[in-house]
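Thank you all for making time this morning. I would like to walk you through one model, starting with its helices and ending with its strands.

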Amino acid sequence: MKCFGRGVRRIAPAPNSSKKEVVPPVIPKVNGWACPPPCLQRTGWLVFTYMAIVGFGIYIPLLPSPWSQAAYSLTGIAFIVHLVSHIATVSIDPVNAGVRAKMNYSKPLPAFDRKKQPHVIYNMECSLCEVPVGPKVKHCSFCNKCIEKFDHHCDLLNTCVGGRNYWPFFTSVLSAFIGTVLLFVIVLFVFIQHYVDPSNLRTAPQFDYVSDGTWLVFLPLAPIETSSAGLLVVAFLTLMPLSLCLLLSSELLSFHFYLCYRHISTYEYIYEQRYEDKIKKEKAAKLAKASAVKQDTLKDKEAEKVNEAAGAKSLEGGLVVQDPLGSSIMGPSEDSQ
C-alpha cells in the first residue's frame, strides 16, 4: 500500500505561481477497475487464484475426515468473504460527495505539477475539483479526485481507501489473514504428515486403485496422478509465499486495529509521525546549538585563565608602568634586589 506517495494538503499555493497552473489533464479513476491495472494488483489476483487452486484442489482433499470437511468450510468462508469484500472495496467510488454530484468521469481534469504547485486544497476548497471540502478530505494525485475521509491510496486495489470503502477494506484484510493462517496450517500439516504417516493422507477411496508411490490431486472430481516429490515441491513453493502473505497481512491488520483504537486514519498517523520527527529534529538542532555555545563559552573561559596566568607570571618577572608625565618606571626585579 502507498501511504507515503504524492500527498497534497490544504496549504496556500506556492509563491509566484498561479492557482490554475497545470500540466496536461488526466481522466479521474472511477474506482479500482480502471485500466490498465497496476502490477501489484495483477500480482494479487494471481496469488489469490493460485492459493485457491492449490488449497482446494491439492491439499485440503488429502486431509482425513472430518478435518477435510472442517477445512473446506472454514477456508471456503474466509476465501469467499475476502473475495466479496475485495470486490466491494475496489468497486465503491470513495470520492467526496460534492465531487461525486458534479463529476464527469469521461472528461479529463487538470492535474497539478507538484514541482510548480504542490498544494491544491486552499481555504477548504479544491482548486482542481472546484468544490468545497471538509477537513478530512484529500485530493489524491493517483486518482485525481478528492477522497472523503482519506486513509491511503492502495496499489493492490488500484484505488483509494476512504470513508465510503474503509470497512470493506478492513474486512478484506481480516479475511485474508484468517484464510492465510488456515491454508498455511493445512499445507504445513500435509508436508509434515507425508514423512510421519503418509497413510493418514491416503484415506480417499481413489487411492485404492493406485500404487503406494503415486499421489492424487484435484480429488474427488478430477483426480490427476503425481509423484511424491512433486507434491512436496509444490507444498514447499506454496509455504514460501504463504509465509510472506502471513507476515504482511498480520502487520497490516495489527496496524489498522491500532488506527481503529485511536480513531485516526493512515494519513493522519503519517502526518503525526512526520510532525513528531520535525519536532525531534528541531530539538536536536537546539541542543546542538546550545552545546556549541557552551563549548565556545568554555573555550573563552580557558583563554581568559591562560591570559591571567600569563599576566601573573609577567608580574613576578617585572612590570613596566607608564608614568603620567610620560616616563617609564621599571618595577622591582630579582636582579635589582
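How are H4 and H5 oriented to each other, roughly parallel or roughly antiparallel? Before I answer, please keep in mind that this is a predicted model, in which local features need pLDDT of at least 70 and side-chain atom pairs count only at pLDDT 80 or more, while totals for chains, interfaces and linings use all residues. Residues are numbered from 1 along each chain as its sequence is written, and side-chain values use heavy atoms, with hydrogens and water left out.

Helix H4, residues 166–196, and helix H5, residues 228–262, have axes that come within 8 Å and cross at roughly 150°; the axes are lines fitted to C-alpha atoms, for helices over the stretch in contact, with angles running from 0 to 180 degrees between N-to-C directions. The two helices are therefore roughly antiparallel to each other, given that angles under 35 degrees count as roughly parallel, over 145 as roughly antiparallel, 65 to 115 as roughly perpendicular and the rest as oblique. Helices here (H or I, at least four residues) and strands (E, at least two) are DSSP runs, numbered from the N terminus.

In the contact of H4 with H5, the residues divide into 25 nonpolar, 8 polar and no charged, where Ala, Val, Leu, Ile, Met, Phe, Trp, Tyr, Cys and Pro count as nonpolar, Asp, Glu, Lys and Arg as charged, and the others, Gly among them, as polar.

Turning to H5 itself, its 35 residues should span 51 Å at 1.5 Å a residue, and this agrees with the 50 Å between its end C-alpha atoms; the expected span is 1.5 Å times one less than the number of residues. Its buried residues (under 20% relative accessible area, with a 1.4 Å probe and protein chains only) include Leu231, Thr238, Ser249 and His256. After H5 comes His263, with a positive phi near 60°.

H4 also packs against helix H1, residues 39–59, at an angle of about 45° and with the axes 11 Å apart, which makes H1 oblique to H4.

Among the strands, E10 (residues 214–217) and E11 (residues 224–227) pair in the antiparallel sense over 4 bridges, pairing being defined by at least two DSSP bridges between two strands. Leu216 stands opposite Glu225 in E11, and the hairpin that E10 and E11 form has 6 residues between them, with Phe218 in the turn at a positive phi of about 60°.

Finally, there is an open sheet of 3 strands, in the order E3-E4-E5 with antiparallel pairing, whose edge strands are E3 (121–122) and E5 (131–132).

Conventions:
Buried means under 20% relative accessible area, exposed over 50%, partly exposed in between (1.4 Å probe, protein chains only).
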